[in-house]
Amino acid sequence: MMAGSLILQTGTRLLLPLLLLFSVFLLLRGHDEPGGGFIAGLVAAMAFALYMFAFDVYKARAILRIDPRNMLGIGLLLATLSGVPALLQGRAFLTSLWWDVEVPLFGELKLSTPLVFDIGVYLVVIGTVLTIVLALAEAEE
Amino acid sequence: MLFAILSIFVVAALAPVVHRATGRHSGWVLALLPAALFVYFASFLPAVVGGESVRLAWQWMPGLDVQFSFLIDGLSLMFALLIAGIGVFVVSYAGRYLEAHRDLGRFYVLILSFMGSMLGLVLADNIILMFIFWELTSITSYLLIGYNHEDLKARKAALQGLIVTVGGGLALLAGLVLLAMAAGSWELSEILAGEDSLHEHALYLPLVILILLGTFTKSAQFPFHFWLPNAMAAPTPVSAYLHSATMVKAGVYLMARLNPELGGTELWTWTLGLFGAVTMFTGAWMAIQSTEIKKLLAYSTVMALGTLTMLIGIGTPYAAMAGAAFLLAHSLYKGALFMLAGSIDHGTGEKEVPNMGGLRHAMPLTAAFSVIAALSLAGLPPLFGFVGKELMLEAALGAPDALAVVLPLLALGSAILVVAVAAIVGLRPFFGARREFKRTPHESPGAMLAGPAVLSVLGLVLGLFPALAQPLVAATAMSIHGADPGMELKLWHGINLPLGMSLLSLAAGLVIYRFWDSVRAGIGRGMAPAMRIAPERGYERFMDGLVWFSDFQTRVLQNGHLRTYVMVTMLTTVALVVGTFAALGGFEVSVRFDDILIHEWVIVALVALAAMFVATTNSRLAAVASLGIVGFGVALIYVFFSAPDLGITQVLVETLTVILLVLVLFRLPGFLKFSNPLTRVRDVIASLAVGVTMTAVLMATLGVQYFPAISEYHIAESEPSAYGRNIVNVILVDFRALDTLGELFVLALAAVGVYAMIKFRAEDRKS
């Protein structure tokens with residue numbers, strides 16, 4: 001694929017971290033406000049897709065560091081594992097568990113198995129979209 | 001008990017490791033397991049012989065009435081002892097017989113899994129549990145028949161066995177469910193102990209037919225007998241085990257088990273009696289025409305299965321006793337004969353009986369045990385086979401009504417043929433002039449002779465001292481008949497009609513043996529036209545038809561054109577929905593249009609216009625763009641109706657769609673018109689139908705509410721129990737997390753599928 005314009009490349013360099021940060025923000029606030037793993041995953045995946053258009057597939061793969069197919073696996077593993085702690089407590093699979101952790105200087109931190117589950121969703125969505133998009137773009141060449 | 005059954009599967013899983021560790025002794029090592037089980041089952045003997053039945057149960061799925069419950073009475077104990085006992089010899093035999101086979105480890109896995117399934121089947125008290133084991137025996141036997149999977153014949157035979165038995169299994173499942181509904185219990189012990197008989201029940205006829213379909217296919221009854229001789233493509237230890245002593249008797253077991261509850265009606269007696277007797281005669285008739293030693297034995301097994309079915313059908317105390325004794329006798333001599341046939345094959349490389357002769361010097365032990373076992377098959381004194389056969393003839397003479405004429409005639413006919421078969425199998429290979437063989441004939445090793453030795457000598461001992469077998473046989477007969485038959489097993493019954501029939505069959509059988517070659521040729525010529533309408537032709541016709549139909553419907557419905565798929569899916573939906581509306585007599589519309597705001601009208605109009613433009617434009621890019629308008633319009637509607645999560649998702653998905661389309665747009669061929677005006681008219685009508693139907697469904701659903709909406713619960717419980725204010729997200733990751741997990745897997749699979757498609761296409765193009 002042809003390299004994109006200089007303007008797009010410069011803009012994307014700035015936009016990629018911002019979009020990824022925004023996707024993490026959407027992911028974390030999802031339990032209370034609009035957002036969540038699915039939406040956040042789409043935003044992150046599209047940030048990388050934008051990068052791919054601006055530069056090329058190889059640069060996009062390089063900056064992604066991890067193969068999106070592996071991301072699929074890790075996401076599925078996380079989502080599945082998040083159901084296990086409840087099993088260990090003798091409750092139904094995927095029953096949500098919550099822990100309040102006091103972090104110094106930071107305040108209260110709410111940790112929970114649904115959060116782990118949502119991170120799994122996030123990774124699976126990024127993995128799915130990028131697996132397809134990158135493969136399509138590579139087939140182009 | 002649960003541990004005993006499960007231990008087999010655990011050992012089966014470990015068998016390849018054991019095999020690697022112990023090498024050529026693996027057969028003996030693994031045979032320790034069935035030996036231990038035999039001892040364990042034998043420990044139930046005192047209680048069962050005393051007339052008790054033992055029931056052991058563990059919870060499995062209490063909500064569905066499925067539990068691990070086991071019933072040990074005379075019938076199940078008899079089977080369990082036979083399965084474990086013969087299993088010992090089969091496993092040790094296989095260790096030597098298949099020594100050189102590279103897949104021996106895998107063989108142990110299969111044969112032990114089969115043993116476990118079979119034991120589970122005969123011991124299960126819960127109907128569903130029994131059915132699970134029933135199907136497991138079909139699957140494991142499929143794998144065992146097809147063990148030499150590089151052989152086309154073996155694969156075909158395996159598939160045939162599977163399709164026939166599993167097809168019957170489907171009918172059986174329906175029959176068992178009906179049985180449980182009619183009797184009001186899922187436990188065999190409770191069904192059998194039930195006060196009222198099922199004879200008058202409205203479901204009696206269908207449930208008997210369905211159950212018999214299952215048992216007839218499994219136990220190779222006419223007209224389903226053809227799969228059993230073909231199954232001889234399996235290695236000999238498998239034939240010895242599955243097709244003589246165990247699997248094929250599963251159907252017999254179930255009929256015997258249900259006989260006290262279902263038997264005693266004319267339907268039961270006539271169906272089982274006639275089909276059993278016809279199978280018996282067909283088996284003997286086909287056996288006499290075969291020349292391969294395993295085929296001969298296989299058809300004589302068909303004969304034995306028919307006999308057992310007939311005896312269960314007759315239903316007198318005498319018949320129950322005869323069935324139990326015949327079952328034991330047959331398992332002993334047939335297990336031995338199959339293993340001996342394998343020994344001959346192993347020692348000489350010859351399978352065809354007409355090419356055999358004079359082996360008694362090279363293989364003296366094989367010869368001796370073969371003669372003993374064959375005498376039992378022929379039903380000659382003083383072997384246990386004689387006890388079984390005398391009882392069988394007596395029982396056939398005592399059959400009710402007209403059956404008392406038909407059954408003894410068929411029994412006499414098959415008895416004559418069986419004597420000839422016994423002589424062919426037991427005498428022909430060993431006596432007469434010595435023939436030349438591919439290999440220099442040599443005696444088999446100890447592991448391969450242990451089984452035949454024990455089984456054939458046991459047949460002799462039990463014949464001489466029937467009192468030894470009496471307790472277990474009587475207990476079995478009691479389970480079959482439902483009450484104590486109160487009879488003694490005896491070797492000598494005095495001079496009576498059955499003895500006369502035995503003498504006649506001996507004389508006639510020996511004559512047939514003497515002229516076997518010409519008899520066979522004569523029958524072969526006479527049977528040629530009949531073979532064209534044999535049941536196996538029916539099976540082949542059916543399979544061909546199945547392939548033709550699949551081919552036809554694939555060509556019509558799944559022809560590779562996306563437009564056809566969409567058309568078929570949509571029109572089917574429309575037909576089903578409209579059909580439902582028509583059946584319910586229409587619906588009420590309670591939608592008011594007056595509270596729709598002006599900007600909402602604008603969006604709807606925009607979406608509708610954009611959709612129409614998509615359908616008519618000739619430019620792909622324009623179509624993509626206006627599809628985008630449709631998508632964003634829908635997203636706006638979500639936002640107006642306060643569903644921000646849906647709105648965001650919709651916008652993102654629209655964007656993603658554009659990205660994907662950009663990537664594939666260049667690759668698409670130029671825009672062509674495939675449709676002529678006529679198809680376009682058809683398409684317009686189809687899309688209008690779909691649109692109108694969907695709108696009607698939406699309006700109808702708005703008007704009714706069958707269940708209280710669950711959203712109230714979600715709204716109320718979201719904060720307090722799930723600590724989240726965003727209900728959509730709480731539902732996704734907490735309330736219905738399992739659904740989401742399933743969807744994640746679908747998503748991942750789709751990604752892998754698309755990836756594979758793209759990559760393979762790319763590689764195809766390269767090469």
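Trainee: What should I know before I start?
Mentor: The model is predicted, so local features need pLDDT of at least 70, side-chain atom pairs count only at pLDDT 80 or more, and totals for chains, interfaces and linings use all residues. Residues are numbered from 1 along each chain as its sequence is written, chains are lettered from A in the order in which they are written, and side-chain values use heavy atoms, without hydrogens and water.

Trainee: How many residues does chain B give to the contact, and how many does chain A give?
Mentor: Chain B gives 39 residues and chain A gives 44. Contact means heavy atoms within 4.5 Å.

Trainee: What area is buried between them?
Mentor: About 3700 Å², with 75% from carbon and sulfur atoms. Buried area is the accessible area (1.4 Å probe) that two parts lose on being put together, summed over both.

Trainee: How many salt bridges are there between chain B and chain A?
Mentor: Two. A salt bridge puts a side-chain nitrogen of Lys or Arg within 4 Å of a carboxyl oxygen of Asp or Glu. One of them joins B:Lys759 and A:Glu138 at 2.9 Å, N to O.

Trainee: Which elements of chain B give two or more residues to that side?
Mentor: Helices H27 (644-665), H30 (727-735) and H31 (737-766). Helices are DSSP runs (H or I, at least four residues), numbered from the N terminus. H31(B) gives the largest share, 14 residues.

Trainee: New topic. What does H19(B) pack against?
Mentor: Its buried residues pack against helices H2, H4, H15, H16 and H17 of chain B. Buried means under 20% relative accessible area (1.4 Å probe, protein chains only). Among those buried residues are B:Met448, B:Pro452 and B:Leu462.

How values were computed
Buried < 20%, exposed > 50% of the residue type's maximum accessible area, 1.4 Å probe, protein only.
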